[in-house]
Amino acid sequence: MPLIAVTYTYSPTTTAGRDTHRAAHRAWLADLLEKKTLVSSGPFADDSGALLLVEGTDAASVESLFAQDPFAVENLIESADFREWTPVMGAFTA
């Protein structure tokens with residue numbers, strides 16, 4: 001199944017909201033991890049956004065799925081990018 005790289009960009013104006021909804025966001029991601037849909041995720045060190053690696057049919061289906069993320073539901077993501085990623089070396093190669 002293809003890997004989809006999801007990049008979230010955050011705004012400083014949503015910091016309080018993200019703090020409020022972080023537990024629900026992480027619980028939602030943990031469910032995806034348990035289902036082996038989520039491969040890895042984490043915020044950028046400067047808190048400007050996050051990178052999530054997801055196994056999915058295609059970028060559009062992952063985008064539809066991620067509309068259910070509590071951060072998306074609460075409008076806490078400035079922008080999100082969904083791209084199919086083809087690793088050729090390293091830990092994520094088949």
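Figure 1. Arginine 83 is exposed, its relative accessible area being 55% (exposed means over 50%, buried under 20% and partly exposed in between, with a 1.4 Å probe and protein chains only). Aspartate 81 is partly exposed at 31%. The two form a salt bridge with the closest N and O atoms 2.7 Å apart; the term requires a side-chain nitrogen of Lys or Arg within 4 Å of a carboxyl oxygen of Asp or Glu. This is a predicted model, in which local features need pLDDT of at least 70 and side-chain atom pairs count only at pLDDT 80 or more, while totals for chains, interfaces and linings use all residues. Residues are numbered from 1 along each chain as its sequence is written, and side-chain values use heavy atoms, with hydrogens and water left out.

**Figure 2. Salt bridge between arginine 18 and aspartate 47.** The structure holds 4 salt bridges. In one of them, arginine 18 pairs with aspartate 47, and the closest N and O atoms are 3.3 Å apart. Arginine 18 lies in helix H1 and aspartate 47 in the loop between S2 and S3, so the pair ties together parts that are 29 residues apart in sequence. Helices (H or I, at least four residues) and strands (E, at least two) are DSSP runs, numbered from the N terminus. Arginine 18 is buried, with 1% relative accessibility, whereas aspartate 47 is partly exposed at 34%.

**Figure 3. Salt bridge between aspartate 19 and arginine 22 in helix H1.** The side chains of aspartate 19 and arginine 22 form a salt bridge with an N to O distance of 2.8 Å. Both residues belong to H1, where they are 3 residues, or about one helical turn, apart. Aspartate 19 is partly exposed at 47% relative accessibility. Arginine 22 is also partly exposed, at 23%.

**Figure 4. The largest pocket and its lining.** The largest pocket has a volume of about 200 Å³. A pocket is an open set of points on a 1 Å grid over the protein atoms alone, with protein on both sides within 12 Å along at least five of seven lines; lining residues have an atom within 4 Å of a point. Its lining comprises 14 residues, and His25, Arg26, Leu29, Gly42 and Pro43 lie nearest the centre. Helix H1 (15–34), strand S2 (38–43) and strand S3 (49–55) each contribute at least two lining residues. H1 provides the largest share, 5 residues. By class, the lining has 7 nonpolar, 3 polar and 4 charged residues.

Note on methods
On a 1 Å grid over the protein atoms alone, a cavity is a set of points where a 1.4 Å probe fits but cannot get out, and a pocket is an open set with protein on both sides within 12 Å along at least five of seven lines; lining residues have an atom within 4 Å of a point. Grid points are joined across faces, edges and corners, and a volume is the space filled by probe spheres set on the points. Ala, Val, Leu, Ile, Met, Phe, Trp, Tyr, Cys and Pro count as nonpolar, Asp, Glu, Lys and Arg as charged, and the others, Gly among them, as polar.
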